[in-house]
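Student: Could you walk me through this structure? I have not seen it before.
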Amino acid sequence: ENPQLSSLDKTDLAFSEDSQSLYKPEPLEKVLNVVRKLMVLVLILTTDFFQLSERAAMDASYVQELDGILKEARTIENHLKQKRETLKQRFTVIANTLQS
């Protein structure tokens, strides 16, 4: 035994020898199956992500369309209020003319 090795070095050496004896390489087929399963999972997640992105884009376009409809409705509402006010004024003039 080498007296220059500290007790820490001896522990590291013993650990590395033990870990090598405990290590059992997985068969290649098993590793490939795990990789295939992971690839399928990634594909599924990617597909789901793109579907959600498309839905979000559609939702955004619906929101824009609804905003446009709301603006148009407000414009029509304001126009109708102005028409009502104009009719009110005309009726007032007609009523005043008839009373005179």
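**Salt bridge and surface**

Tutor: Searching the whole structure turns up one salt bridge (a side-chain nitrogen of Lys or Arg within 4 Å of a carboxyl oxygen of Asp or Glu). This is a predicted model, in which local features need pLDDT of at least 70, side-chain atom pairs count only at pLDDT 80 or more, and totals for chains, interfaces and linings use all residues. Residues are numbered from 1 along each chain as its sequence is written, and side-chain values use heavy atoms, leaving out hydrogens and water.

Student: Which residue forms a salt bridge with Glu77?

Tutor: Lys81 does, and the closest N and O atoms are 3.8 Å apart. Both residues lie in helix 2 (residues 28-99), four residues apart, about one turn of the helix.

Student: Why can side chains pair like that?

Tutor: Side chains of opposite charge can pair when their charged atoms come close.

Student: How accessible is Lys81?

Tutor: Lys81 is partly exposed, at 42% relative accessible area; buried means under 20%, exposed over 50%, and partly exposed in between, with a 1.4 Å probe and protein chains only. Glu77 is also partly exposed, at 42%.

Student: New topic: which residues make the nonpolar surface patch?

Tutor: Leu28, Val31, Leu32, Val35 and Met39 make a patch of about 460 Å². Patch residues have over 30% relative accessible area and no salt bridge; nonpolar side chains (Val, Leu, Ile, Met, Phe, Trp, Tyr) are joined within 5 Å, like charges within 9 Å. Met39, found in helix 2, is exposed at 56% relative accessibility.

Student: How many of the 100 residues count as buried?

Tutor: The buried share is 0%.

Notes:
Helices (H or I, at least four residues) and strands (E, at least two) are DSSP runs, numbered from the N terminus. Accessible areas come from the Shrake-Rupley method with a 1.4 Å probe; for residues, only the protein chains shown count as cover.
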